Amino acid sequence: MMDRQPDLFTAYPALAAQIPWVSLTSGPTRVHRLTGLAGALGASDLWIKRDDETSPLYGGNKPRKLEFLLGDARARGLDAVLTFGGLGSNHALATAVHGARAGLRSELVLLLQPVTGHVRRNLLSLHNTGAQLRFAPTKLHAVVMAASAELSSRLRRRKPPYRIAPGGSSPVGTLGYVSAALELARQVRDGDLPQPGAVFVALGSNGTMAGLVAGMRLAGMDTKIIGVQVSDILRLSPRTVSRLANRTIGLLARVSVELAIDSISPADVTMVDGYLGNGYGHPTDEARHAVELMHRHEGIELEETYTGKTLAAMIDHVEAERPTAPVLFWNTYSSSRPHLPPDADYRDLPQAFHRFFENSDDGAA
Ligand SMILES: *Cc1c(COP(=O)(O)O)cnc(C)c1O
């Protein structure tokens, strides 16, 4: 499992001994041209970074963050992690799946949200990972449940679980996308793609975008990172992105002065906010159209919550601006639904789950 290292350590070898990391992804992700989509849009040069392929077990952007987060938990000698998400959260499921591989138990506090087919599938998968689940009707319940999980460890004289921020977007988790930016910079140097003028990426809990902004600065690349707001659950603004980017750079600078760079100001952060529709997870016509176009012209699967809204913003950008520099779509799509036996049935779940499945016509599927 430790046969490779992240670009952060290749670029700054001194960090390898000082920053914990576990290998969960299958190595650098591919970049390639989107010839079909570019043709359909009359655009000059479109590219994609395939972070949907970070892991065959559970891909997307979360594994890159978890490589640093779970590494940190293990280095502290802990045997469990605690995190938060919506009922159908990709972050919660990715934590449970990859946590189990890294030998860490997962305790998950799940905030109730509208129960769709996607939510039910994630719940069945979650149950099959063996993670301990708590269902929170409100954010306040979630805070109390997390505190009580920590207290109950202490009462049993066990170390409390390692707390992972929602979306994995702490400075430690954000290192995953600093490293991803360095990976892209290396692919540019290696001639795998031309240097993009702009990169479009989903902005959900700041971490992915903040890491890319910080990493591009470290790499000395002036590629513009454009974050497309896809959530209204956490506060998202140029200021929240630059603050997380600077805290992450601060973490690196404490380890090695070589990494002390100028701080990032909110004016350096480009955020697009017209594609959220009625809120997180709410469908929009633009996102549905974007998902459909990508499928028809490239055979690549996206979804409407994150990647569809992001691509919709990129399509409008290339149609309105006609950029001559290459534009890259950073695909964070969480591929594969692990741990779901083909005959999975909610009636096998503990009673606490049944309310999420009753009165549904897609109960098991
Ligand atoms: C979590 C997630 C995002 C958002 O990334 P953040 O780092 O939370 O901003 C984007 N796309 C997909 C598919 C995700 O699951």
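Colleague: Leaving aside its neighbours within four places in sequence, with which residues is arginine 50 in contact?

Modeller: Contact means heavy atoms within 4.5 Å. By that criterion, arginine 50 touches Thr29, Arg30, His32, Ile300 and Asn331. Please note that this is a predicted model, in which local features need pLDDT of at least 70 and side-chain atom pairs count only at pLDDT 80 or more, while totals for chains, interfaces and linings use all residues. Residues are numbered from 1 along each chain as its sequence is written, and side-chain values use heavy atoms, with hydrogens and water left out.

Colleague: With which side chain does the side chain of arginine 50 make a polar contact?

Modeller: A polar contact is a pair of N or O atoms within 3.5 Å; within protein, one must be able to donate a hydrogen and the other to accept it, and residues adjacent in sequence count only if both atoms are side-chain atoms. Here the partner is the side chain of aspartate 52, at 2.9 Å.

Colleague: Is arginine 50 buried or exposed?

Modeller: Buried means under 20% relative accessible area, exposed over 50%, and partly exposed in between, with a 1.4 Å probe and protein chains only. Arginine 50 is buried because its relative accessible area is 9%. Isoleucine 48 also counts as buried, at 0%.

Colleague: In what order do the strands form the open sheet?

Modeller: Strands of a sheet pair through backbone hydrogen bonds, either parallel or antiparallel. Two strands pair if DSSP finds at least two bridges between them. In this model, six strands with mixed pairing follow the order β1-β2-β10-β7-β8-β9. Strands β1 (31–33) and β9 (270–272) are the edges, each pairing on one side only. Strand β8 (residues 224–229) runs parallel to β9, and three bridges join them; in one of these strands, β9, valine 272 is the bridge partner of valine 228.

Colleague: Which helix lies across β2, β7, β8, β9 and β10?

Modeller: Axes are lines fitted to C-alpha atoms, for helices over the stretch in contact, and angles run from 0 to 180 degrees between N-to-C directions. The helix is α11 (residues 307–321), running at about 175 degrees to β10 (327–331).

Methods: Helix = DSSP H or I, 4+ residues; strand = E, 2+ residues; numbered from the N terminus.
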